[in-house]
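Here is a short briefing on one structure. Look over the fold before reading on.

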Amino acid sequence: MIPQEKIAAATRGLSEAFGVAAFDDIRDLTERPGSNRVFRIVVRGSAYLLRINTRAGDVRHHFGCMQAAAEAGLAPRVWYTSAEDRISITDFVEAVPLPAGDALRRVPAALRTLHALPPFPVVPFNTTCTFLLSKGPALDGYIGRVQAANVLPQGESEEVFARYAQMSAIYACHESDMVSSHNDLFKPDNTLFDGQRVWLVDWEHPANNHFAIAEEVIAELYG
């Protein structure tokens, strides 16, 4: 199941993490073509998640934030990472349904712990849903390109940017509001419950965010 060009890298990971050359069992959990390759592997009777990052980008930031979250008890234990091979091995979470009552207590608690972590390293480009609140050259360039594209009639375009100006004035950007954030919790599969605790997984887009507005909304509405 593992792509031929990644077999040697996966073997190195198994050797460094567990001192073995092969797994006992494997199941492909990759969602769809083009997604990162994800496998449930079994080594010495225990299940782990082997992830092969196939998307472009610097995975060192991804792996570093994931490790920080794991040390805080928010993400599964990290057994192995290789930025060069773009591979990670972590504990596998056997997920069970999370009752609504428990979710309204556990998910906000997990997010409060996440937001209390030391700030994540700064990323060059904010891909989160609050990008439009991140004032600076990257945002100015994006707004300029949208305006120059003329994708809407002039009257509608003027209204859109007037509304945007109102929004950005209300949601002012203050450095003190920036907290470490997961930034991909819109996807329900990234919040798992094992019957004892909530785990946040798939740390591909971590960044500092404006008090994690979107995550706070999820925390209130979850379940």
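The notes below cover a sheet, the helices beside it, and a few backbone details. The model is predicted. Five strands make up an open antiparallel sheet, in the order 1-2-3-5-4. Helix 1 (residues 7–18) packs on that sheet.

- Strand 1 (25–28) and strand 4 (78–82) are the edge strands. Each has a single partner, so one side of each has no neighbour in the sheet.
- On average, neighbouring strands are turned by 20 degrees against each other, with direction ignored.
- Strand 4 and strand 5 run antiparallel and are joined by four bridges.
- Across this pair, S82 stands opposite I87 of strand 5. T81 has S88 in strand 5 as its bridge partner.
- The hairpin of strand 4 and strand 5 has four residues between the strands. Within this hairpin, R86 adopts a positive phi near 65 degrees.

**T90 in strand 5**
- Strand 5 covers residues 87–91 and includes T90.
- T90 has a relative accessibility of 7%, so it counts as buried.
- Which residues does T90 contact, leaving aside neighbours within four places in sequence? They are Y48, L49, M66, P76, R77, V78 and W79.

**Helix 1**
- Helix 1 touches strand 2 (37–43), strand 3 (46–52), strand 4 and strand 5. Its direction makes about 140 degrees with that of strand 4.
- The length of helix 1 checks out. At 1.5 Å a residue, its 12 residues should span 16 Å, and the end C-alpha atoms are 16 Å apart.
- Which residues of helix 1 are buried? They are A9, A10, G13, L14, A17 and F18.
- Viewed down the axis of helix 1, these buried residues fall within an arc of 140 degrees, so they line one face.
- An α-helix has 3.6 residues a turn, so residues three or four places apart point the same way.
- The cover over the buried residues of helix 1 includes strand 2, strand 3, strand 4 and strand 5.

**Positive phi in loops**
- Most residues other than glycine have a negative phi.
- N150 is not a glycine, yet its phi is positive, near 55 degrees. N150 sits in the loop between helix 4 (137–149) and helix 5 (154–170).
- Is N150 buried or exposed? N150 is exposed, with a relative accessible area of 60%. The cut-off for exposed is over 50%.
- D202 is not a glycine either, and its phi is positive at about 60 degrees. D202 lies in the loop between strand 8 (198–200) and strand 9 (207–210).
- D202 has 18% relative accessibility and counts as buried, because buried means under 20%.

Methods: Residues are numbered from 1 along each chain as its sequence is written. This is a predicted model: local features need pLDDT of at least 70, side-chain atom pairs count only at pLDDT 80 or more; totals for chains, interfaces and linings use all residues. Side-chain values use heavy atoms; hydrogens and water are left out. Helices (H or I, at least four residues) and strands (E, at least two) are DSSP runs, numbered from the N terminus. Buried means under 20% relative accessible area, exposed over 50%, partly exposed in between (1.4 Å probe, protein chains only). Contact means heavy atoms within 4.5 Å. Two strands pair if DSSP finds at least two bridges between them. Axes are lines fitted to C-alpha atoms, for helices over the stretch in contact, and angles run from 0 to 180 degrees between N-to-C directions. The expected span of a helix is 1.5 Å times one less than its number of residues. The arc is that of the directions from the helix axis to the C-beta atoms.
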